[in-house]
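Morning, everyone. Please have a look at the chain on the screen, and then I will walk you through it.

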Amino acid sequence: MASLLLVLLPPTVRADSHNDLREIEAIHDLADRDNTAALQQLRAYKEKISANGSTYANYSLRVELLKTLITILYDAGKNKEANATNAELMQLARAHNDGDMIALAMIGEAFQLQDQGKFALALVKLEETQQSLRDSKDAEVLMRLNIAFGTVHLAIGNFDKSLAYCLEALRLTDQIPRRRAQARLYRMEAISRLYLNMHNAEKALETANDALSITPKIDSPKTISSLVMARGLALTDLGRYAEALDAYKTVLQIATDAGMPVVAATALGNISDYYLRVHQYDEAEQAARTALQKAEEIGDPFAVAMAKANIGFGLAGQRKFAQGITYINEAKKYFMETGSKSDMESLLSEIGAMYETAGMHKEALAVVREQQKLSDELFRSDRARAVATLQEQFNAQQRQKQIELLARENQLKDAEIKNRQLQQIILLLAAVVMVMIGIVIFFLYQRVRKTNEKLREVNQQLEFHAVRDPLTGLYNRRSFVDLMKSRVILPEGERREDSLENPDCLILMDIDHFKNINDSYGHAAGDVVLMEVAQRLRSTVRDTDMVLRWGGEEFLIYSPRSNPAQLKNLVERILRVIGEASVDVDGVSIAVTMTAGFISLPFSGIPELVCNWEKALQIADMALYLGKVNGRNRAYGVSKLLIAYEDALPVLDHDLSAAIKAGMVELAEVHGPVKVQISNVVGDAAEVKCVSPVAQ
């Protein structure tokens, strides 16, 4: 549509439009070398074209200007002005019903949500944008959409998805109309950083070096600085600190000359990190404080957090632990609040090393455990096995090279020995044989030891993931079944008295109307609700109780050796903890209640050989269903049998309602919290009553 209207315009207008677009592109190219000068020129140019009317040609020009201005403002650290310009682009695009440009502005809004640490909402925004672009052919907008998806997934630790989106963005750079080389280099830089987060420094360095080999073809210090920074980070991870420091200083000089304070702050942070690694703690603190000043000037919360972390480590290295921990905790709080799992995992690793160096082994162990838990979330067992296999192959190659080197050395020794007397030859040959045997035995021992260590690590990871739900961290169905298999069931007549006085308890729960939550707020919000419910359940029960995710929105609590008199109180407390306070998802309050069914094990004195845990759980499930039928937000518990179990079980096995109506069982009812709508009622209340079979 835009190209058609441009054709219908008079030749002089079309020529002016093309000249204007070339001028904007020239300013964009200038930003690669001098961001400050480019920003001044573009602001002046915006004022110039704003006074030229509102023809469609002027619209196309204004769109290109706003897109370029947003990029240059972000590089200048002027995030508020960049966000305001993005809002201006959205308003302009909507006025002209331009779907592609509306989508581009929505991508900008998603980046703003990500900067605020609202990753779930950012993904919702991007998925909405993706739906609007199903029929789009605009390669630039599609490229930016993939960049945004890749960035958000990287922040929350979904490395595989992030890599897929980054590679798709790289492919789309061949289809964009302008600045293809710069765009391609930026995509390669993003992929290099992704490899760093995946702990593959060799691949990260290789990608950065490949990109830098292309840079002589373009005059773009800004692009080069990003690639050199990525190269420096990879060199740091590989322990090549001197080369990394040279890279960071090069980036700092480029950023200073080109007017890019964001890049300068990052470079200073990395320089501080270098000094920490080589134990020059005074220099590390000073560099980090300079980085903090720049980060605060540009209003970059992530850069502020990184600078504070480095200040803290620098102070700790100078034995100023109290001051250092204050700064480190501020950085840790930021990463926890924003959900930046990858950065949080790296920070915990450094904190653990700091405590270990200081001889604070108890604190170091606690941090290492916290880091290991987070690392398990980021790297699943299959990826860990793959990395272990690759590492073992690398180690095997290194060992083979060492053996070959030793063999060549021995051949030279043999050649020298032949020139000596026969007796010396025999003695030396014997010595060489002993040395070789010792070397072989040593390497075999080392190989077995390392293999065993790898196996232990893999087995630990497999063991964790075999019994835990990946989303909530609760035990899973398999872990409960395994526990029940190992549970000792005594024959009838040999039951302990305390098994009847303090039986085990099964509480089966289901989140009410969970499908509505997913449909109304999205699956990301549903996941937040599941995690919050899991946390509340863990905080409500005893340490000896087992909380597990039974499946979907269903949870199960196994409470061994519980007090029957306190069972209804426990169920009431669970319903109140879940239902009284809504779940906050990025500023949106979601009301959550649960319906439950509960039963003791053994049930009503019935031998478990007759009514085992599976039958008991089936009865609790029927009680849960009865709660749903009667209005939800409540729990029904099958308290005891009122007739002989031989007569009751055939009915109770498949129809709880019939058993209740026939007066076979006693039912306990627990109501969840209810909002009372009368003005003189102060708060919510939970009602607990025991319902007789006659009442049912």
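Start with what I call a helix: a DSSP run of H or I with at least four residues, numbered from the N terminus. By that rule, E285 sits in helix α15, residues 281–298. Keep in mind that this is a predicted model.

Stay with E285. Is E285 buried or exposed? The cut-off for buried is under 20% relative accessible area. E285 has 8%, so E285 is buried. What does E285 touch, once residues up to four places away in sequence are set aside? I311, L315 and Q318.

Now the whole chain. The chain has 29 helices and nine strands. There are 696 residues, and 45% of them count as buried. The accessible surface is about 35,400 Å². Carbon and sulfur atoms hold 53% of that surface. Next, contacts with a separation of 6 or more: 64% of these are between residues 24 or more positions apart.

A word on confidence. Mean pLDDT for the chain is 80. A pLDDT of 70 or more is reached by 83% of the residues. Residues 1–15 fall below 50, and that stretch has ten contacts in the model beyond near neighbours in sequence. Residues 676–696 also stay under 50. For residues 676–696 the model has 37 contacts beyond four places in sequence.

On to charges. Side chains of opposite charge can pair when their charged atoms come close. How many salt bridges does the structure hold? The count is 21. Let me take some of them.

One is R43 with E81. The closest N and O atoms are 2.7 Å apart. This pair links distant parts of the chain. R43 is in helix α3, residues 35–50, and E81 is in helix α5, residues 79–95. R43 has 31% relative accessibility, so R43 counts as partly exposed. E81 has 32%, and is partly exposed.

Another is R240 with E243. Here the N to O distance is 2.9 Å. R240 has a relative accessible area of 34%, which means partly exposed. E243 is at 34% and counts as partly exposed.

Then K628 with D510, at 3.0 Å from N to O. This pair also links distant parts of the chain: K628 in helix α27, residues 613–629, and D510 in strand β1, residues 504–511. They are 118 residues apart. Are K628 and D510 buried or exposed? Both are buried.

E64, K67, E140 and R144 are joined by salt bridges that share partners.

Last stop, T472. Where is T472? In the loop between α21, residues 422–467, and α22, residues 477–486. T472 has 8% relative accessibility, so T472 counts as buried. The T472 side chain makes a polar contact with the side chain of D469, at 2.7 Å. Leave aside neighbours within four places in sequence, and T472 is in contact with L530, M531, A534, R538 and R549.

Thanks, and over to you.

Terms used. Residues numbered from 1 in each chain as written. Heavy atoms only, no water. Helix = DSSP H or I, 4+ residues; strand = E, 2+ residues; numbered from the N terminus. Buried < 20%, exposed > 50% of the residue type's maximum accessible area, 1.4 Å probe, protein only. Polar contact = N/O pair within 3.5 Å; in protein donor to acceptor, adjacent residues only side chain to side chain. Contact = heavy atoms within 4.5 Å. Salt bridge = Lys/Arg side-chain N within 4 Å of Asp/Glu carboxyl O. Areas by Shrake-Rupley, 256 points an atom, 1.4 Å probe, with all protein chains shown as cover. pLDDT = per-residue confidence, 0-100.
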